Amino acid sequence: MKKFRFPLKSVAVVREARELRLREAFSSALQAVAVAEEHLERVRQKKADLERVLLVERRKAFRPAEQLSFLHSHQQVVNEEVDASVAVEKAVAVRETRRAEWLESRRDLRLIEKLEQTARQDYRREEEREAQRTLDDRPHGSGRSLTAAA
């Protein structure tokens, strides 16, 4: 019997490459979310530190110029926090899009793999049948018939 050949092998290769590319894109999106969340956390820490300094300075003598500077700095940090929050939301949205694309490509690849597995099972089954037919067609015993011996 001839060697097994899967007719959709080229499709499988293309789908494997696509699945790998999308898995890497998903991995990059995961990293982008982690980086954005870390940045947001640093901004929040910076804001908390600035607020502590602002409260300590307010307990001392009131200096309008310093208070104005603190408030200006605080507003910049608040804006930075909003920007960082938006960046996290965008990164999460991209991550979810990449996850959906990757899962879809995995389903497509698994479909082809299942088809190949089924084709291999059919091939093996047919190979076994052919081997059995070959055994069934062979004469039994020493090759002499019983009537010739008598």
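Predicted model: local features only at pLDDT ≥ 70, side-chain atom pairs only at ≥ 80, totals over all residues.
Residues are numbered from 1 along each chain as its sequence is written, and side-chain values use heavy atoms, with hydrogens and water left out.

Let me begin with the core. The largest nonpolar core consists of six residues, namely Val33, Ala36, Leu40, Ala84, Val88 and Ala91, and both α1 (9-59) and α2 (64-137) supply at least two residues each to this core. By a nonpolar core I mean a set of buried Ala, Val, Leu, Ile, Met, Phe, Trp, Tyr and Cys residues joined through side-chain atoms within 4.5 Å; buried stands for under 20% relative accessible area, exposed for over 50%, and partly exposed for what lies in between, with a 1.4 Å probe and protein chains only. The helices are DSSP runs of H or I with at least four residues, numbered from the N terminus. If we leave out residues up to four places away in sequence, alanine 36 touches Ala87, Val88 and Ala91, where contact means heavy atoms within 4.5 Å.

Apart from neighbours within four places in sequence, histidine 74 is in contact with Lys47, Leu50 and Glu51.

Turning to charged pairs, the structure holds 13 salt bridges, each defined as a side-chain nitrogen of Lys or Arg within 4 Å of a carboxyl oxygen of Asp or Glu. One of them joins the side chains of glutamate 80 and lysine 46, at 3.5 Å from N to O, and this pair links distant parts of the chain, with glutamate 80 in helix α2 and lysine 46 in helix α1, 34 residues apart. Glutamate 80 counts as partly exposed because its relative accessibility is 28%, and lysine 46 is likewise partly exposed, with a relative accessible area of 43%.

Within helix α2 itself, arginine 99 and glutamate 96 lie three residues apart, about one turn of the helix, and form a salt bridge whose closest N and O atoms are 3.3 Å apart. Arginine 129 forms a salt bridge with glutamate 126, the closest N and O atoms being 3.7 Å apart, and these two also lie in helix α2, three residues apart. Elsewhere, salt bridges that share partners join Arg44, Lys47 and Glu81 into one network.

Finally, the surface. Leu8, Val11, Leu111 and Leu115 form a nonpolar patch there, with about 290 Å² of accessible area together, and leucine 111 has its place in helix α2. Such patches are made of residues with over 30% relative accessible area and no salt bridge, like charges being joined within 9 Å and nonpolar side chains (Val, Leu, Ile, Met, Phe, Trp, Tyr) within 5 Å; the areas come from the Shrake-Rupley method with a 1.4 Å probe, and for residues only the protein chains shown count as cover. Proline 7, in the segment before α1, counts as exposed because its relative accessibility is 57%.
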